[in-house]
Amino acid sequence: MLGARTERYPDLFDICAAITGRVPAVGLHLEKNRRGRVLIQIGDLPDGLRRNDALYPVLGHLIGALFHLVGVTPEAPNAKQAFQGYAPERTIDIDLGALRAGRDDLSSAGDGALDMVVLGSPHFSLEEFRRLANLVVGRQRDPEVRFLVTTSRAVAMIAQRAGLIDAVLNFGGEIMVDTCILTSPVLGDDVRTLMTNSAKFAYYTPGLLDRGMVFGALEDCVNSAERGRVERDDSLWHP
């Protein structure tokens, strides 16, 4: 949530904060600790890649920290205010090569055999359902590839009323609500290679679920599910 002030708290600490309406006056709750220290600059990228939904998860994977987005974060309308008048302690330039390496780091399996596509970790949003519905209309997944979308019960109800859930089900997809596949035992032993457009899910799956993972854009995930094997459009990453 843009403009929210929080620390990385464990669940029980959040419950205590909710009950008392208070948080400790430490860390990122304090103005002095919120100034930017590292300037991250993105080099020239192809326009198609800038519009691709896979770019920003990869960028987040590379940065790996909380950040101000100049011109977007409310307290960072410009770089000077983002750094609270200080000079950056260091500058990191991210180019296309670094982004390709970051994308590759999110995949532990190669192109080829595919058992399951998982979308929505974190939970799929209504806007994502709209995009997915447009991609799957009139198409059908390969019968050997499961296609699962995880979301919240509230979003699922709204998406159902909007006719978006039916599009996913007609494609052959499944909907799971109010839980995360990383903690719910829904994978059979026959599922060995998965694909996702979620950097979070791609990062944690090899270690937590002991499965091979391929990261790709949403359109890549749909195309792969339909064709029954991992297929990614690399043209945007290798212009």
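Arg 37 is partly exposed in this predicted model, its relative accessible area being 32%. The side chain of Arg 37 forms a salt bridge with that of Glu 89, with an N to O distance of 3.7 Å. Because Arg 37 belongs to the loop between α1 and β1 while Glu 89 belongs to the loop between α4 and β2, this pair ties together parts of the chain that lie 52 residues apart in sequence.

Glu 89 also forms a salt bridge with Arg 35, for which the closest N and O atoms are 3.8 Å apart. Arg 35 is located in the loop between α1 (11–20) and β1 (38–42), and Glu 89 in the loop between α4 (79–82) and β2 (90–94), so the contact joins parts separated by 54 residues in sequence. Arg 35 counts as buried, at 16% relative accessibility, whereas Glu 89 is exposed, with a relative accessible area of 55%.

A further salt bridge connects Asp 178 with Arg 153, the closest N and O atoms being 2.8 Å apart. This pair links distant parts of the chain, 25 residues apart: Asp 178 lies in the loop between β5 (174–177) and β6 (193–196), and Arg 153 lies in helix α7 (residues 153–161). Both partners are partly exposed, with relative accessible areas of 43% for Asp 178 and 48% for Arg 153.

Salt bridges also link Arg 5, Glu 31, Arg 34 and Glu 75 in a network. In total, 14 salt bridges were counted in the model.

Notes. Residues are numbered from 1 along each chain as its sequence is written. This is a predicted model: local features need pLDDT of at least 70, side-chain atom pairs count only at pLDDT 80 or more; totals for chains, interfaces and linings use all residues. Side-chain values use heavy atoms; hydrogens and water are left out. A salt bridge is a side-chain nitrogen of Lys or Arg within 4 Å of a carboxyl oxygen of Asp or Glu. Helices (H or I, at least four residues) and strands (E, at least two) are DSSP runs, numbered from the N terminus. Buried means under 20% relative accessible area, exposed over 50%, partly exposed in between (1.4 Å probe, protein chains only).
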